[in-house]
Amino acid sequence: MSDETHGDAEAELARAFRRGDPEATREVRRRIERIVAFRGYRIPAEERRDLVQESATQIWQAVKSPGFDEGGGFWGLVEVVTARRSIDWLRRRRPETAEVSEARSGADGPLESALARERERLASAALARLGKPCRELIHLHVGLGKPYGELEGVFGKSAGALRVQMLRCIREARRILAELAAANGPDDSEASRS
C-alpha cells in the first residue's frame, strides 16, 4: 500500500471515528488496548479499562476539534495520546509506591539494610555505565526534580522527546543492572562450602 493510500485510509478512519462509526470505534479501541497492555507500563488489567476509555475520549475530542488535520497521521495521534495517558497513570501511582517504601524503611532489619545498600551500589554502578546524555537527563529530572518542559532548552528537545529518551535510558539501565546482577551473583564454589 502506498503512503498516499495509507494516509487516505487513516483520514477516512479518523472521519468515521469522529462520526461515531462502531467499526472505527472498535478498531481504535483495539489499538488503544494494545498500547495500554504494553508490559513496560505494568498497568494492572483492572486499571486498563478506565485508561482505555480516558484515551478514547481524549482522541475523540481531538478529532472533533475544528483545527484537526485528518491527513496528519491519525494512528500517531492515537499512540501519543494513549502513551501520555499511560504515563500520567504511572505518575499518579508513584506517590503511593513511595509511601509504602517509606513505611517499610522504618522497620528495616540488618538484612533489609544490606539489601538496600546493595541496590544503591548496583544503581550507582549502572548509572556510571550509562552514556553522558542519559546520566544528565536522569540527574536533572529524577535527581533534581526538574520537569521535562523545563529541560527542553537544556537538551534542545521537546518534552515528549525527552520522555522517550528517558524511557530508553531506563531500558538501558535495566539491561546494565541485569548484567551486573549476573556478574555479582553467588559463586557456586562458595555456596558449596557453606
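Trainee: What is the torsion about the S-S bond of Cys 134 and Cys 169?

Mentor: The structure is a predicted model, in which local features need pLDDT of at least 70, side-chain atom pairs count only at pLDDT 80 or more, and totals for chains, interfaces and linings use all residues. Residues are numbered from 1 along each chain as its sequence is written, and side-chain values use heavy atoms, with hydrogens and water left out. The disulfide of Cys 134 and Cys 169 is left-handed, because the torsion about its S-S bond is about -85°.

Trainee: How far apart are the sulfur atoms of Cys 134 and Cys 169?

Mentor: A disulfide is a pair of cysteine sulfur atoms within 2.5 Å. By this rule the count comes to 1 disulfide. Cys 134 and Cys 169 form a disulfide with a sulfur separation of 2.0 Å.

Trainee: How many residues apart in sequence are the parts that the pair Cys 134 and Cys 169 ties together?

Mentor: Helices (H or I, at least four residues) and strands (E, at least two) are DSSP runs, numbered from the N terminus. Cys 134 lies in helix H6 (residues 132-143) and Cys 169 in helix H8, so the parts tied together have a sequence separation of 35 residues.

Trainee: Are Cys 134 and Cys 169 buried or exposed?

Mentor: Buried means under 20% relative accessible area, exposed means over 50%, and partly exposed lies in between (1.4 Å probe, protein chains only). In H6, Leu 137, Ile 138, Leu 140 and His 141 are among the buried residues. By this criterion Cys 134 and Cys 169 are both buried.

Trainee: Which helices do the buried residues of H6 pack against?

Mentor: Contact means heavy atoms within 4.5 Å. One set of contacts joins Pro 133, Glu 136, Leu 137, Leu 140 and His 141 in H6 to Tyr 148, Leu 151, Val 154 and Phe 155 in H7. The buried residues of H6 pack against H5, H7 and H8.

Trainee: At what angle do the axes of H7 and H8 cross?

Mentor: Axes are lines fitted to C-alpha atoms, for helices over the stretch in contact, and angles run from 0 to 180 degrees between N-to-C directions. Angles under 35 degrees count as roughly parallel, over 145 as roughly antiparallel, 65 to 115 as roughly perpendicular and the rest as oblique. H7 and H8 are therefore roughly perpendicular to each other. The axes of H7 (residues 148-155) and H8 (residues 159-183) come within 8 Å, and their crossing angle is roughly 90°.

Trainee: How are H5 and H8 oriented to each other?

Mentor: The axes of helix H5 (residues 110-129) and H8 come within 9 Å and cross at roughly 125°. A crossing is left-handed if the near helix is turned anticlockwise from the far one by less than a right angle, and right-handed if clockwise; that of H5 and H8 is right-handed. H5 and H8 are therefore oblique.

Trainee: How many nonpolar residues are in the contact of H5 with H8?

Mentor: Leu 122, Ala 123, Ala 125, Ala 126 and Arg 129 in H5 meet Ala 173, Ile 176, Leu 177, Glu 179 and Leu 180 in H8. Ala, Val, Leu, Ile, Met, Phe, Trp, Tyr, Cys and Pro count as nonpolar, Asp, Glu, Lys and Arg as charged, and the others, Gly among them, as polar. The contact of H5 with H8 has no polar and 2 charged residues, and its nonpolar residues number 8.

Trainee: How many helices does the protein chain have?

Mentor: Buried residues make up 25% of the 194 residues in the protein chain. The chain has 0 strands, and its helices number 9.
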